[in-house]
Amino acid sequence: MSEDLSHLLTHLGEDRERGYDAVVPPIVQSGNFTYPTVAAMRHAVQNEMEMPLYTRGFNPTVAMARQKLAALEHAEDALLFSSGSAAVAAAVISFTKADDHVVCVHKPYNWTKKLLSELLVRFGVETTYVDGSDAENYRRACKPNTTFFITESPNSLTFELQDLRVVAAIAKEKKITTLCDNSYSSPLFQNPIDFGIDMVAHSGTKYLNGHSDVVCGVLAGSKAHMRQVMSKEFMTLGAAPSPHDAWLLVRGLRTLELRVNRSADNAEKVARFLEAHPKVKRVHWPFLESHPQHALAKRQMKRCGGLMTIELDATDEAAVERFCDHLKRFLMAVSWGGYESLQWPVCALKGPDGYLTDLPFNMVRLYVGIEEAQLLIEDLGQALGKL
Ligand SMILES: *Cc1c(COP(=O)(O)O)cnc(C)c1O
């Protein structure tokens, strides 16, 4: 496995002889491509999804990234989008139509929820949100017109899991198409297709690129599913990535194995430190024995990523703010999955009309990056002292 993985990340799809034998593949930063004859152009027009014609449909640098991403997710093919949200949206739109019904895990990524509750509802697609910690809730929510299941295991704020094998089996029985947002685990720690899930989405912005300098998204699945999405939603909605971003993604992938394992090593140390600290009420991280779905996490995930949420023993927002403002090594920023550790306090979601979320004010999401764990722990210790 590791031999395959290292080949995949460093060589697969790179065809160096087609790029001057350069060690680093060139960026084909061209919007369109030329042909010597009408016959050659006709051939390209007929194979727009597999051949250079126009970069929205096919670009050699993007194709290199797609080949690696498909292999990483044990999929036949993958598409690269200009954001993770675009990948999720294209998948759901492609497999639903007016009067269809979707079952989605509750508390999915915020923009997945908006896609369903604010956009697709206008086109007659209805959604039921279920507590996915009992996978049978997917079956219970089914109606005669249910065509699509959305899972996100674990989700990236409260870290609830769904048993993907069970959800996929229910879907197969009822001929329902399934999607899993696998951003949290990265393809190294979990492969939903192995459990029978049809399509996997990633925010490539997070672990896959890993350097906080690209926004991109991935959808992986069977050739048939990817062909359908590509020929319709991918081409018409047009959320294609730039070749330069695809190239940066390929560069980021070279260190994927090193980065995610380091982040996971650090997260384990940080999670155990925080769990033992008297000022921390709770740590939400699936590989802690205290996580309510710990056994499922161990069964379904090879390791656990660097994102976690803590609940502080704070009586008011001012105390949370003191903790956050005193953290020096966790940059205060959204997103995650880069080299740098981050913090994202729920109390930052308080607007003039109150909270934009129903999560408690004492929650702070932490992303543990690839710095020295001891430095991160010392920093958390001193900031907890300010609470
Ligand atoms: C960030 C994120 C997304 C959206 O990805 P973008 O690249 O920001 O569009 C989707 N799902 C999860 C779990 C994420 O963390």
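Biologist: With which residue does D163 form a salt bridge?

Modeller: This is a predicted model, in which local features need pLDDT of at least 70, side-chain atom pairs count only at pLDDT 80 or more, and totals for chains, interfaces and linings use all residues. Residues are numbered from 1 along each chain as its sequence is written, and side-chain values use heavy atoms, with hydrogens and water left out. A salt bridge requires a side-chain nitrogen of Lys or Arg within 4 Å of a carboxyl oxygen of Asp or Glu. The closest N and O atoms are 3.2 Å apart, and the partner of D163 is R299.

Biologist: How many salt bridges does the rule find across the interface of domain 1 and domain 2?

Modeller: The domain assignment, automatic or from a database, gives domain 1 as 3–253 and domain 2 as 256–384. Across their interface, the number of salt bridges found is one.

Biologist: What area do domain 1 and domain 2 bury between them?

Modeller: Buried area is the accessible area (1.4 Å probe) that two parts lose on being put together, summed over both. Carbon and sulfur atoms carry 61% of the area here, and the total is about 3000 Å².

Biologist: Which three residues supply more than any other three of the area that domain 1 buries against domain 2?

Modeller: Their share of the area that domain 1 buries against domain 2 is 28%. The three residues are Y184, F189 and Y207.
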